[in-house]
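Q: Could we go through this structure together, strand by strand?

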Amino acid sequence: MPETKTGACLCGAISYRVTGPVGPVYFCHCSQCRRQTGHYLASAAVAATDVTISGEENLVWFASSETGRRGFCRSCGSTLFWKEEGGSSVDIAAGSFDQPSGLTPGVHIYVADKGDYYEIGDGLSQYPQSSA
């Protein structure tokens, strides 16, 4: 049975519990993630049915494209979730997990859109668009 993982936003108005497997961390460098976070989004995918959210009244979903939406805290603005429309998983911002997170690094995606002010030098696989 997978270890339970927990996390929360900065102000604590939203917390979550994951009771299933958590995928490796994807580092997304697309222009939307850069604008939302100020850098890139590091997130890990979990089955949506394995996530229990407390404080959902503080969760705001923004449809950032025709295919995806982003969840953040209405009180403190913390980036928490990304979900593909109609998808069965949800990506959770890696930095929002309680420590020790036990997360493992995966890949860099949308590196064709990365900011021009940094280089990626960690040896992980890099994909110009998505990893699919």
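**Strands, sheet and cores**

A: Strands β1 and β2 run antiparallel and are joined by four bridges. Strands here are DSSP runs (E, at least two residues), numbered from the N terminus, and two strands pair if DSSP finds at least two bridges between them. The model is predicted, so to speak of local features requires pLDDT of at least 70 and side-chain atom pairs count only at pLDDT 80 or more, while totals for chains, interfaces and linings use all residues. Residues are numbered from 1 along each chain as its sequence is written, and side-chain values use heavy atoms, with hydrogens and water left out.

Q: Which residue in β2 is the bridge partner of A8?
A: The partner of A8 is S15.

Q: What is the strand order in the open sheet?
A: The order is β1-β2-β5, three strands with antiparallel pairing.

Q: And which strands stand at the edges?
A: Those are β1 (5-8) and β5 (51-54); each has a single partner strand, so one side of each is left without a neighbour in the sheet. From one strand to the next, the twist averages 15°, with axes taken as lines fitted to C-alpha atoms and angles running from 0 to 180 degrees between N-to-C directions.

Q: Moving on, how many bridges join β6 to β7?
A: Five bridges join β6 (residues 59-63) to β7 (residues 68-73), and the two run antiparallel. They form a hairpin with four residues between them, and V60 stands opposite F72.

Q: What does β7 form with β8?
A: A hairpin with five residues between the strands; in the turn, G77 has a positive phi of about 80°. Five bridges join β7 to β8 (residues 79-84), again antiparallel, and R70 has W82 as its bridge partner in β8.

Q: Which residues have the most contacts inside the largest nonpolar core?
A: They are Y16, V18, V51, F81 and I92, in a core of 13 residues. Such a core is a set of buried Ala, Val, Leu, Ile, Met, Phe, Trp, Tyr and Cys residues joined through side-chain atoms within 4.5 Å, where buried means under 20% relative accessible area (1.4 Å probe, protein chains only).

Q: Which elements give two or more residues to that core?
A: β2 (15-18), β8 and β9 (89-93) do.

Q: What is Y16 in contact with, beyond its neighbours within four places in sequence?
A: Its contacts (heavy atoms within 4.5 Å) include K5, V51, F81, I92 and F97. A second, separate core of seven residues includes C28, C30, L41 and A93.

Notes
Buried means under 20% relative accessible area, exposed over 50%, partly exposed in between (1.4 Å probe, protein chains only).
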